Amino acid sequence: MAIFLTGSTGYIGAHVAANLLDTHAASLNLLIRAKDAEEAALRLWKAIQLHLDFPRFYEHLQTRIRIFPGDLTAPQFGLNRDDYDRLIHTTDSVVHCAASLNRKSEKSCLNVNLRGTLEVVQLARHSHYYHGLRRFSNVSTVAVAGKRQDEVVTEDRAIDWERSDYDPYARTKKFCEHMVRELLPDVQITIFRPSIVLGDSRYPETTQFDMVKAFVFLAGLKALPFRPSDQIDIVNVDFVADAIASLHQKAEPLYDTYHLSSGRDSQTFREVTVALSAAQQTRSPIFLPFFEKAFAGTVNALANRKGSLGYGASLMKVFMPYLVWNTVFDNTRVTAELGKKPVPFSKYSYPLLKFSRDNDFTYHHKPWPAARAGGSAA
Ligand SMILES: NC(=O)c1ccc[n+]([C@@H]2O[C@H](COP(=O)([O-])OP(=O)(O)OC[C@H]3O[C@@H](n4cnc5c(N)ncnc54)[C@H](OP(=O)(O)O)[C@@H]3O)[C@@H](O)[C@H]2O)c1
């Protein structure tokens, strides 16, 4: 039997897959968008090579990974009857990590997050009917808490249906939590809500650059339009992946929902910028919070432009709410249960920034070694 994991070619999903394989010796059923198993294996290798060398990856691929080339938005993932049956009968738990994070596209969030999660729930219901499902873990987001300002939000107080959401992404993820709970009433459910997942505390390399670009842009400014004492809840991806894998595998986690965040220990803008300036031997930026509205207005206007300036501004526009809401997400549950805390962002932000700049925001993937055959399908 295996864990059905979605999103393994993504940033967090690849970390979770590597952790489940290496630390927990788990077997995985992976849904990967590709035309066939060979292309899917290649895509998985690209995503996971940050964590595993090829021989180790290949060994896992041969022994403990079963690939299902499919799409969340297709009925039964677009699998043929035999493969879909095989998936049902070999899945004993689910980690649903795939999502559309396209905050600007209502259509994409509707299709991938709502229709896609419904497909995963249907699969879970079939598996549960035939042999019982051990757990359904749903990777959500702290953005389900909607519009906030100057708060410490606990897990139980995050969902408030009367509150407005920032964007279609947050709205659809909020409904996904609801859908999973409503449609799987007799399955053990664990909801994970990461905050801003940015960088790995163990090494500077990353394959995800969107948020890093916004961060590098801000780090280059001599004046920042923020309040220096505002906290920003950033969490390292290795902490997030470890928490998801460990709690998913635990027989009886203490709670059904966890914030995977830095919580009250979140650093302030001042703490982050002072550490960065020290590492770069430059002067710390000055803070001009009264320019926040003008800055946001400029970003909004530039976001409609074409070209790299427009692209950079649209990224910044997406992340602006997270930068100015001065809201953190209580992480007492996860830190007490795992016995460890996230690494403060200032401890690893400079290597991340340097790697990203030096490599022009590109991860140079190693190719698939010529002598080895590709992956095998379900
Ligand atoms: N990154 C963050 O800061 C953050 C913060 C809070 C919560 N989260 C949550 O964490 C999870 C993972 O986020 P991430 O940052 O790792 O995102 P990501 O890098 O964009 O990865 C998304 C994954 O979902 C897959 N996917 C998207 N549409 C699909 C479809 N139609 N069919 C099958 N697979 C599909 C992607 O596959 P392809 O490779 O084929 O595109 C990819 O593997 C999400 O649930 C997100 O809401 C992320």
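**The ligand and its surroundings**

By class, the shell around the ligand is made up of 12 nonpolar, 7 polar and 4 charged residues (Ala, Val, Leu, Ile, Met, Phe, Trp, Tyr, Cys and Pro count as nonpolar, Asp, Glu, Lys and Arg as charged, and the others, Gly among them, as polar). This is a predicted model, where local features need pLDDT of at least 70, side-chain atom pairs count only at pLDDT 80 or more, and totals for chains, interfaces and linings use all residues. Residues are numbered from 1 along each chain as its sequence is written, and side-chain values use heavy atoms, with hydrogens and water left out.

In total, 23 residues surround the ligand, each with a heavy atom within 4 Å of it. The closest are Thr9, Ile12, Arg43, Tyr169 and Lys173.

As for polar contacts (pairs of N or O atoms within 3.5 Å), an N or O atom in the Thr9 side chain sits 2.6 Å from a ligand oxygen. For the side chain of Arg33, the distance from an N or O atom to an oxygen of the ligand is 2.8 Å.

Key. Polar contact = N/O pair within 3.5 Å; in protein donor to acceptor, adjacent residues only side chain to side chain.
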